[in-house]
Amino acid sequence: MSRPIFEVIALTAQDAQAAQSGGADRLELVTDMAADGLTPSLAEFAAIRAAVDLPLRVMLRIRDGFAPGDLDELCARAAALRAEGADEFVLGFLDGAGAVDLPAVRTVAQAVDGCRWTFHRAIDHSADRAAVRAAVAELPGLDTFLTSGAAAGVEAGRSVLAGELAKAGEPGYQQRILIGGGLREEHLAELVAEGFDAFHVGGAVRAAGWDTPVDPAKVAHWRALIGG
């Protein structure tokens, strides 16, 4: 198996440098974790891009929850980020019934046409995750689902994750599974042994929550546990 992907959430250039130093392969860029991660400012993106040479996936989300909010604003932010050099993104929207908001996802995906992107953990909060996968599977650029298998996190979603990995390559299951959301160190050995090859953390590589920066030693520890 090729080297597993290890993605770390970065809020600042300091976070980004620490994550790269510790062995992260890719960064997810967000701001405002009190709202579960929103689109960073153009200035913050530019600072992070100048500080590291890792791939950067930028969150496209302007409000708490999974409704898209103002699509014109979202697309304008995407365009500005692309002009600044962003070429990978993270997005995903649900409607009030918990189904994928396909018109919104399509609109934002078109705004980042030609870029690779992740459908984030909105899938874990959806009413029917198989329906979400089927609806978005053929959208250009989608190469990853960030998921813990359940809204409550990896511990609750293990059987769902295993079932989805078993369907790899089937329609709706061709994208990489990036495991994140309640992921703990003790999960890693079994998940790697089962064949999962992409992992995502944020708070786990910080000393004391989101008010503290990424710790390169903690990143290196996770990197060693993941392997590669």
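Visitor: What makes the crossing of H1 and H2 right-handed or left-handed?

Guide: H1 passes H2 in a right-handed crossing. A crossing is right-handed if the near helix is turned clockwise from the far one by less than a right angle, and left-handed if anticlockwise. Helices (H or I, at least four residues) and strands (E, at least two) are DSSP runs, numbered from the N terminus. The model is predicted: local features need pLDDT of at least 70, side-chain atom pairs count only at pLDDT 80 or more, and totals for chains, interfaces and linings use all residues. Residues are numbered from 1 along each chain as its sequence is written, and side-chain values use heavy atoms, with hydrogens and water left out.

Visitor: Why is H1 called roughly parallel to H2?

Guide: Helix H1 (residues 13–22) and helix H2 (residues 42–51) pack at about 30°, and their axes are 8 Å apart. Axes are lines fitted to C-alpha atoms, for helices over the stretch in contact, and angles run from 0 to 180 degrees between N-to-C directions. Angles under 35 degrees count as roughly parallel, over 145 as roughly antiparallel, 65 to 115 as roughly perpendicular and the rest as oblique. H1 is therefore roughly parallel to H2.

Visitor: Which residues make the contact, and how are they classed?

Guide: H1 contributes Ala13, Ala16 and Gln17, and H2 contributes Glu44, Ala47, Ile48 and Ala51; contact means heavy atoms within 4.5 Å. By class there are 5 nonpolar, 1 polar and 1 charged residues. Ala, Val, Leu, Ile, Met, Phe, Trp, Tyr, Cys and Pro count as nonpolar, Asp, Glu, Lys and Arg as charged, and the others, Gly among them, as polar.

Visitor: What makes the pairing of Asp143 and Arg57 a salt bridge?

Guide: Their side chains meet at 2.8 Å, N to O. A salt bridge is a side-chain nitrogen of Lys or Arg within 4 Å of a carboxyl oxygen of Asp or Glu, so the term applies. The pair links distant parts of the chain, with Asp143 in strand S6 (residues 142–147) and Arg57 in strand S3 (residues 56–59), 86 residues apart. A search of the whole structure finds 18 salt bridges.

Visitor: Why does Ser148 count as buried?

Guide: Its relative accessibility is 0%, so Ser148 counts as buried. Ser148 lies in the loop between S6 and H6. Leaving aside neighbours within four places in sequence, its contacts include Arg121, Asp124 and Leu161.

Conventions
Buried < 20%, exposed > 50% of the residue type's maximum accessible area, 1.4 Å probe, protein only.
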